Amino acid sequence: ARFVRDGQVRAARGLPAAAATQAVFYLLCAACMVQAGRRMQPAPVSLALACLWLAAAFSPLMWGGRCRPEDFGLSLTMMALCLVIRGGRWGYFGAGALAASVFFFKITLVITPVFLMGAGLALNGWRLFRQGRTWMSGFPALQLGLFAAAGFFALALVVVGWMFFMDNLAGWYRQTIQWPSAYRCGATPLCAYLQGVIHACERLNKAGLAPLAALACAGCVAGWLKGPRPLVVLLAAWMAAEMCRNTLESWPWMYLVSGLLPPMILASSMTALILPKPLRTLCAWLLPVVALAHPLWVTAAGEGDVLRWRVLERTQTPMEQLAAQMRMMYQSGETVFVTGNDMTVPLILNAPRPYPLLALHYPYVPEREQDRAAVYHLQHPPKWIIDRDPARSAVGFSLKGSLDDLCFRYAPGTEGAGRKGFKEGDLYAPPEKLMRDGQALLMQGTYRLAADIGYAQAWRRNDSADEDTVQSQSQPD
């Protein structure tokens, strides 16, 4: 992320740190993929599969390349898979601790590690049963399960204790458990849950993963016949858990299918096990590449646009352009309230941390939480409001790509230019979703237009002295 200051392009401090963190987790996931893949394929093939996942993970069809909980939870789930494959008491203890970490990233992400540990425990019990230890075959598996639970609760206790002493435990509960529950009840009809399987399959198809999913199913059959059956069971459990999670999520958001990508790549490579030996090594990585041809092509095209527009021509995204205009008026420490979900401007301006309730989620949380947010903004009114109303702007602009693509370019243009629209100093009218009984809930005072790029607008709060000056200048002689 870049912004212009004093004629020079400078980096925002928060965004490179977020990108570096994401890169570390991605490389960690790739390393664990190599480790798991070596159970069935040679090391070069496992490395090729990990590189294939790194390339496909940034596909715009899955809204890749964003810092979401799924990005970090996926890496920890892959680590849990390696620990379950390793087995032993401490392996399951570590897998339980990783499951707790995933739980605190996003609650629904814990489904997959739990499925993996359950499949691993079932495999241990079945192995002992086949050895003839029928009456006591469940005890070793139960012991491993206790170690997994101990790891989960040990790390959970550390995190909860840290929040109790260093943060706000009650606030975490409201924001992480209570708000999402209320949001789902308010925004998702019951029929969406009943049709969750259909929606998950539709997301797979739109993301271009349907061929890979079919190849992964064939790979599980081939692996069961010719390969390591325990790994086949674990990969099948992972894919089943992700499909279950996609069914529960029941949203049209494409990034939900990203958790299926690593197990499907590993499972699809096992299809080569039924081929003649001279073709196995080649087809083990070539078949997944062919199945992912469409997402890889879209990703390559997006990376080409990034190289052309963002690196060579150094164009900006819409919110980077808006932040560049705001910087001439922005003073350090001023709060920025965003009515959408694009937090680029507060990050670039290094603005104070906003209230944790997003404006777009506001109508779906309990009324008590709405009142709490209204009281907070009454006591701490934001200095800036970022809103989008391009239909009422007189500034022309053109866009290349979208917010979920790899390249999102803003440029001045003719679209919308010349129409009657906002003028500098116009008063801000809050959207309906932030109104109750005709009163604005999350902002207090008078806000006037300070910056307009057509795509979005920035409104600045006038202090009382400034407002008196504006009113006196607007009165006729």
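## Cavities

The structure, a predicted model, holds two cavities of 30 Å³ or more. A cavity is a set of points on a 1 Å grid over the protein atoms alone where a 1.4 Å probe fits but cannot get out, and its lining residues have an atom within 4 Å of a point. The largest cavity has about 110 Å³ of space, a volume being the space filled by probe spheres set on the grid points, which are joined across faces, edges and corners. Its lining has 15 residues, of which Tyr26, Ala57, Gly64, Asp71 and Ser258 are the closest to the centre. Helix H3 (residues 69-86) contributes the most to this lining, with three residues; helices are DSSP runs of H or I of at least four residues and strands are runs of E of at least two, numbered from the N terminus. By class, the lining of the largest cavity comprises eight nonpolar, three polar and four charged residues. Here Ala, Val, Leu, Ile, Met, Phe, Trp, Tyr, Cys and Pro count as nonpolar, Asp, Glu, Lys and Arg as charged, and the others, Gly among them, as polar.

The second largest cavity has about 80 Å³ of space. Among the residues that line it are Glu70, Trp238, Glu242, Arg245 and Ser258. H3 again gives the most to the lining, with four residues, and the residues divide into three nonpolar, five polar and three charged.

## Aromatic pairs

The whole structure contains 19 aromatic pairs. Rings of Phe, Tyr and Trp (its six-membered ring) pair if their centres lie within 6.5 Å; planes under 30 degrees apart count as stacked, over 60 as edge-to-face and the rest as tilted. Tyr355 and Tyr376 form a tilted pair, 4.7 Å centre to centre with 35° between the planes. Tyr355 counts as buried at 15% relative accessibility, whereas Tyr376 is partly exposed at 30%. Buried means under 20% relative accessible area, exposed over 50% and partly exposed in between (1.4 Å probe, protein chains only).

Phe408 and Tyr455 form an edge-to-face pair, 5.9 Å centre to centre with 75° between the planes. Phe408 lies in the loop between strands S5 (397-400) and S6 (409-412) and Tyr455 in the loop between strands S9 (447-452) and S10 (457-461), so the pair ties together parts 47 residues apart in sequence.

## Basis of the values

Residues are numbered from 1 along each chain as its sequence is written, and side-chain values use heavy atoms, with hydrogens and water left out. Local features need pLDDT of at least 70 and side-chain atom pairs count only at pLDDT 80 or more, while totals for chains, interfaces and linings use all residues.

Conventions: 1 Å grid on protein atoms, 1.4 Å probe; cavity = no way out; pocket = protein on both sides within 12 Å on 5 of 7 lines; lining within 4 Å.
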